[in-house]
Amino acid sequence: MFSDISHERQQSLLRQRNLFALTSAGLGLALVVAGSLAATRDREVVLVPTVPKQLTVSSAGVEADYLELVTRDAALVLLNRSPEGLDYWMNEILKLADPPSYGRLKAELVRIVEEQRGSDVTQAFVIRSMSVDPKALTSDVTGTLKTFVGAQVIASDERRFRFSWTYRGLRLALAGFAQLPPQDKSKEAQ
């Protein structure tokens with residue numbers, strides 16, 4: 001009687017072992033197939049017509065070239081505005097905003113929109129130079145800011161702006177911007 005029970009128990013364990021071995025072999029095969037598909041998968045590259053070379057984005061950090069291109073585009077959107085396109089202007093900048101900074105940025109932009117809405121004041125910015133710091137996630141843009149009332153230029157000043165960025169996951173987002181005091185020309189010459 002004990003031999004029958006023992007034999008039945010051994011057969012049950014043997015079936016379990018065989019089922020476990022079959023499952024392990026199936027999972028191992030699935031892992032090999034998934035690994036080979038991942039290794040041979042086509043790489044996707046986003047082509048932007050205004051980018052002079054191929055860029056890659058990595059979770060390791062932001063490349064200086066990428067930070068410079070994003071800063072260039074953000075500066076041109078942020079610093080070129082007219083009363084006719086203020087809502088579009090604000091929405092496009094807010095698309096770049098870092099979620100924790102969104103409210104503060106929106107408040108600054110709403111203040112600018114309220115000041116400029118209904119006026120004939122248009123602003124144009126021409127970039128002269130730019131420096132980026134991928135480690136600190138900041139970029140400084142220097143250029144000429146022209147202010148127009150109608151078609152007449154009422155001001156043309158050299159200005160410097162600093163953009164602060166955050167990098168989470170693979171997304172570079174605008175955390176803030178500020179106008180910097182003008183650089184001392186005597187310090188630049190040294």
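The axes of helix α3 (residues 86–95) and helix α4 (residues 102–116) come within 10 Å and cross at roughly 165°. The model is predicted.

**Helix packing**

- Two packed helices are described by the angle between their axes and the distance between the axes.
- Angles over 145 degrees count as roughly antiparallel, and α3 and α4 are therefore roughly antiparallel to each other.
- The crossing in which α3 passes α4 is right-handed.
- On the α3 side, the contact is made by Leu-86, Trp-89, Met-90, Ile-93 and Leu-94.
- On the α4 side, the contributing residues are Tyr-102, Leu-105, Lys-106, Leu-109, Val-110, Ile-112, Val-113 and Gln-116.
- Sorted by class, the contact of α3 with α4 comprises 11 nonpolar, 1 polar and 1 charged residues.

**Aromatic pairs**

- The structure contains 2 aromatic pairs.
- The rings of Phe-125 and Phe-161 have centres 5.7 Å apart and planes at 85°, so this pair is edge-to-face.
- This pair links distant parts of the chain, with Phe-125 in strand β1 (residues 121–133) and Phe-161 in strand β3 (residues 152–168), 36 residues apart.
- Phe-125 counts as buried at 4% relative accessibility, and Phe-161 is buried with a relative accessible area of 7%.
- Phe-163 and Trp-165 form a stacked aromatic pair, at 6.3 Å centre to centre and with 20° between the planes.
- Phe-163 is buried, with a relative accessible area of 1%, and Trp-165 counts as buried at 5% relative accessibility.

Note on methods
Residues are numbered from 1 along each chain as its sequence is written. This is a predicted model: local features need pLDDT of at least 70, side-chain atom pairs count only at pLDDT 80 or more; totals for chains, interfaces and linings use all residues. Side-chain values use heavy atoms; hydrogens and water are left out. Axes are lines fitted to C-alpha atoms, for helices over the stretch in contact, and angles run from 0 to 180 degrees between N-to-C directions. Helices (H or I, at least four residues) and strands (E, at least two) are DSSP runs, numbered from the N terminus. Angles under 35 degrees count as roughly parallel, over 145 as roughly antiparallel, 65 to 115 as roughly perpendicular and the rest as oblique. A crossing is left-handed if the near helix is turned anticlockwise from the far one by less than a right angle, and right-handed if clockwise. Contact means heavy atoms within 4.5 Å. Ala, Val, Leu, Ile, Met, Phe, Trp, Tyr, Cys and Pro count as nonpolar, Asp, Glu, Lys and Arg as charged, and the others, Gly among them, as polar. Rings of Phe, Tyr and Trp (its six-membered ring) pair if their centres lie within 6.5 Å; planes under 30 degrees apart count as stacked, over 60 as edge-to-face and the rest as tilted. Buried means under 20% relative accessible area, exposed over 50%, partly exposed in between (1.4 Å probe, protein chains only).
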